[in-house]
Amino acid sequence: MTSIIDDTGTLIARRIRLEREARGWSLADLAERAGVAKATISKIEREEASPTAVVLVRLARAFDLTLAGLLLRAEDGGGRLIRAADQPVWRDPETGYRRRQVFSRPDHPVELVEVEMPAGGRVTLPADSYARIRQALWVLSGRLVLTEGGTRHALEAGDCLGFGPPAEVTFANETDRPCRYVVALART
């Protein structure tokens, strides 16, 4: 699994640069559109730094993509059948949050993502990362606290929550054990 994560990091760095250059944007242009420091983007593109989940979401949004769409382009996927061994895995270097892209295709409105949030892990994503998508989250194991626009939802294994209007969302595992969940995303 480590090699998949390492390969994905390299592919993400290349894809970010390709997306930026395809639009004729400078590092400064992308930094302004994404709200991410130019130096950070430069380090990511040169593979000197691994992007966090928040940074990847902001970059994807600047390209008018979902995070899954950016990762799919990085992996050059696109077949209808995606074998478990071929599902891209990415780990947030800051939190240890692990994300497996189970299913995503540019011509299909639904994406499936499996996430493992480590014990004590927390990720906050900005409201604009939920523009043009709807989501439902299903907890497979452990406990997850999801705070959406100030409303706190404590979820246990088997619980499912549909996201409301775009709002800042914090995913937090306040326990001493990992939590696994699936997110289904539909483009609107």
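Gln-101 sits opposite Val-113, a residue of S3. That contact belongs to the pairing of strand S2 (residues 98–103) with S3, antiparallel over five bridges. Two strands count as paired if DSSP finds at least two bridges between them; the strands themselves are DSSP runs (E, at least two residues), helices are runs of H or I with at least four, and both are numbered from the N terminus. What you're looking at is a predicted model, where local features need pLDDT of at least 70 and side-chain atom pairs count only at pLDDT 80 or more, while totals for chains, interfaces and linings use all residues. Residues are numbered from 1 along each chain as its sequence is written, and side-chain values use heavy atoms, with hydrogens and water left out.

S3 also pairs with S10, again in the antiparallel sense, over eight bridges. Look for Val-115 there: its bridge partner in S10 is Tyr-181.

Now for the other sheet. Four strands make an open sheet in the order S4-S9-S6-S7, with antiparallel pairing. Its edges are strand S4 (122–125) and strand S7 (151–156), each pairing on one side only. On average, neighbouring strands in this sheet are turned by 15 degrees against each other, direction ignored (axes are lines fitted to C-alpha atoms, for helices over the stretch in contact, and angles run from 0 to 180 degrees between N-to-C directions). Within the sheet, S6 (residues 143–148) and S9 (residues 169–172) share four antiparallel bridges, and Glu-148 stands opposite Val-169 in S9.

Next, helix H4. Seven of its ten residues are buried, so H4 is largely enclosed by the rest of the structure; buried means under 20% relative accessible area, with a 1.4 Å probe and protein chains only. Among the buried ones are Val-55, Leu-56, Val-57 and Leu-59. After H4 comes Asp-64, with a positive phi near 60 degrees.

A pocket here is an open set of points on a 1 Å grid over the protein atoms alone, where a 1.4 Å probe fits, with protein on both sides within 12 Å along at least five of seven lines; lining residues have an atom within 4 Å of a point. There are 32 lining residues, and Leu-65, Thr-66, Leu-67, Ala-68 and Ile-133 lie nearest the centre. Elements giving two or more residues to the lining include H4 (53–62), H5 (67–75), S3 (110–117) and S10 (179–187). H5 gives the most, with five residues.

How values were computed: Buried < 20%, exposed > 50% of the residue type's maximum accessible area, 1.4 Å probe, protein only.
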